[in-house]
Amino acid sequence: MRASVSPRGVERLFRESLSKKISGTLVGLWFLAAEHLRLGSWDLIKGYTGGADADLEPRIAMQLVNEAALCSNRIRRSNYITHQGFELLNGLGFLVTDKQAHDLLNRHTVSEAQSLQEALAAMRMNHGHYRGRLVAIDPHRIVSTSQRVMPMKRKQPQEPSRKMVQTFFALDAQTGQPIGCGIGSPGANTAQATMGLLKMVGPVSKDALVLADKEHFTERLIRSIAHNGDFELLVPAVSTARVRAAERSQTYLREWAGYAVAETRFNFAGRKEKYRLISQREGETAASYRYKSFLAISEKSATELLTEMYRERWAIEDFFNFDGAMGFDRASTFNLNIRYGKMSLALLAQAATHDLRKRLPKPYSRWNATHLADAVFTKMDGDIRVKDDAIVVTCYNAPQELGLQNNYQGLPAKLMSEGINPKMPWLYDYKLDFRFK
């Protein structure tokens, strides 16, 4: 069985496969290998798996990362991939099985996956992926096909109830890039899960304004953030009787036609702590007034918070629409070790893809994950061969408007000019280069 292959045996199978000239349509995925080297993904993967450069486990994890980039579920059952270079991309001479992938993820804990996310966030901060001023958080439900007994919930009011996994995401609202994610469970309510997520955000955006969702309007969470002092907070208030009474009893300051703002102090029932309650009123006549209120832990002006900053929260919805197909929109199991591991490795794929997009001109840099996988990663003809100490990937008829040749041909020299060693450890220190025909 492949699971029993020694590190030396893995290398031998890789070199044997590499010695054969391989043709296929997956050569575009090799561009991501360059971005993983720039990002430092291999060191993060080794840290998560506890493996060394020659070991099998980190290569299994690298396959899971590349599967996420392809936005393809159950790729290990698509046997046509095994003869088109996908296995070589992971430093393997074979395609890892479902069982090997399951066993790897199941052996590694939630804590190890969280450490991977924290290390990735720190690395992305150094690469300029975050600005750190505004952080959007969201309790995101994804459909699960788990066989275990789970509560049935509606993703949208008009949809039927289905098994859902409750996830929690945080991202930099100004760049739209994820910082980390977590998973809800019977042992962790929204407040607990969110505070755990914010601990991950802290090293990246310690003084950020957190733009929350209405589900975060809980006394426990708000009090924790207020007492912690590291973050500011802006969260929509649930329209309770006390909130509605406050909305209608205030004197509003008109900002422009049909829009006015007011502010008062608010405390939760049975609690002495008071917070800013900022209300907005839309409409020109009393009969048409519509109210919406927010609780704020911030000294910024009400107008700045509501009209300039809170609208940036929708960047997190753009992220789910843009990159959700990488593995943030489905869950086949509720095994927490596996879910945390897969989502954390998918964040690595998303980070590398983000760096690749930055090298593409507009409008191609705005292709979503599915479009990018379809147009670049899986639909580009080419071949893979060895020349001296380099793996050379030749791309045929690559669209010139993508500018790939300018960014990836002569890659070893480009990497050295950036201060990066062009040898790829998971490819047994081969360099990587591209040709375009």
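**Aromatic pairs and ring contacts**

Phenylalanine 31 is buried, at 0% relative accessibility (buried means under 20% relative accessible area, exposed over 50%, partly exposed in between; 1.4 Å probe, protein chains only). The model is predicted: local features need pLDDT of at least 70, side-chain atom pairs count only at pLDDT 80 or more, and totals for chains, interfaces and linings use all residues. Residues are numbered from 1 along each chain as its sequence is written, and side-chain values use heavy atoms, without hydrogens and water.

Across the whole structure, a search finds 21 aromatic pairs. Rings of Phe, Tyr and Trp (its six-membered ring) pair if their centres lie within 6.5 Å; planes under 30 degrees apart count as stacked, over 60 as edge-to-face and the rest as tilted. Phenylalanine 14 lies in helix H1 (residues 7–18), and tyrosine 428 in the loop between helix H16 (411–417) and strand E14 (431–436). The two are 414 residues apart. Helices (H or I, at least four residues) and strands (E, at least two) are DSSP runs, numbered from the N terminus. Phenylalanine 14 is buried at 0%, and tyrosine 428 is buried at 12%.

Phenylalanine 31 and phenylalanine 436 are stacked, because their ring centres are 6.3 Å apart and their planes are at 5°. This pair links helix H2 (residues 31–39) to strand E14, 405 residues apart. Phenylalanine 436 is buried, at 16% relative accessibility. Ring pairs join Phe31, Tyr408, Phe434 and Phe436 into a cluster.
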